[in-house]
Amino acid sequence: MSINWENIISSIIGSGIILGLLKLFFTQYIGNLFNYSLEDHKHKLSATLEEIKHQFETDLVQKRIYIEKKNIVYSELYSQLLDSYSNIRSLYGLTRSLTFEEYSKKDIENFLQKRNIVDGKIKEIIATFDENREISIDKMKKYLRMLDFQEARSTWNSFHSYYLKNELYLSSSINKSVFELKKRIHNLLLLYEQANNFPGSLSWTTDIAPLENEIDSEIEVVLNNFKTELQTIN
């Protein structure tokens, strides 16, 4: 007796068994494929979120460091500005100078040592003290005056150098105002040096006093601008 496979296959197809098996197969296949795709997407999304979070935290730290540095720069820059200007103004300000009328030769020597004057210069100044007191004192005053101008220029140079090194932390408006103020302070120093080296070459009323008044006013403006800007970034 021979098996009629054609009839058997026809019966199986007709009963829906093959269709059911195919449906089950494709359902499981598509389901597995979808689950894999979903897990892969979730993994990539999680990695992207972690990267964004890390970048945000890094940017936040960098911004905090920048703001802290900016605060330090503004404070130090204003401090150096005032130091420079006060040293320069004191060259012709309301200061008392010693007459040295009651100083002995030893008193002069001790005074110069306290000013950290080198021994060679001290000996040069007091060398003629016994013979001509006035010449020795005059020589000392001129030398001390020269040191005062050197100190004033040194403080301005420090201010100028600090400004250049930290210019990138300044806003455009602050940068412009500090630059202009720095330039005017330096111009005042040049006028003082001219007045000291060439007495009578300048009119205090027309050449120097107006610039002093301008600087006094601008310093107040710069200070207020510093305060306003620091309040907005903190």
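Glu124 counts as partly exposed because its relative accessibility is 38%, where buried means under 20% relative accessible area, exposed over 50% and partly exposed in between, for a 1.4 Å probe and protein chains only. This belongs to a predicted model, in which local features need pLDDT of at least 70 and side-chain atom pairs count only at pLDDT 80 or more, while totals for chains, interfaces and linings use all residues. Residues are numbered from 1 along each chain as its sequence is written, and side-chain values use heavy atoms, with hydrogens and water left out.

Glu124 forms a salt bridge with Lys121, with the closest N and O atoms 3.2 Å apart; a salt bridge is a side-chain nitrogen of Lys or Arg within 4 Å of a carboxyl oxygen of Asp or Glu. Both residues lie in helix H4, three residues apart, or about one turn of the helix, helices being DSSP runs of H or I with at least four residues, numbered from the N terminus. An α-helix has 3.6 residues a turn, so residues three or four places apart point the same way. In helix H6, Arg184 and Glu180 are separated by about one helical turn because they are four residues apart, and they form a salt bridge with the closest N and O atoms 3.8 Å apart. Glu180 and Arg184 also belong to a network of salt bridges that links them with Lys183, Glu214 and Glu218.

Another salt bridge, between Asp130 and Lys105 (3.3 Å, N to O), links distant parts of the chain, since Asp130 is in the loop between helix H4 and H5 whereas Lys105 is in helix H3, 25 residues apart. Asp130 counts as exposed, at 58% relative accessibility, while Lys105 counts as partly exposed, at 29%.

Aromatic rings of Phe, Tyr and Trp (its six-membered ring) pair if their centres lie within 6.5 Å, and planes under 30 degrees apart count as stacked, over 60 as edge-to-face and the rest as tilted. By this rule the count comes to eight aromatic pairs. The rings of Phe100 and Phe111 have centres 5.2 Å apart and planes at 70 degrees, so this pair is edge-to-face, and both Phe100 and Phe111 are buried. The rings of Tyr192 and Trp204, by contrast, have centres 5.8 Å apart and planes at 10 degrees, so that pair is stacked.

Confidence is given as pLDDT, from 0 to 100 for each residue, and in the protein chain the lowest mean is 50, in helix H1, and the highest is 94, in H6.

Definitions and conventions. pLDDT = per-residue confidence, 0-100. Helix = DSSP H or I, 4+ residues; strand = E, 2+ residues; numbered from the N terminus.
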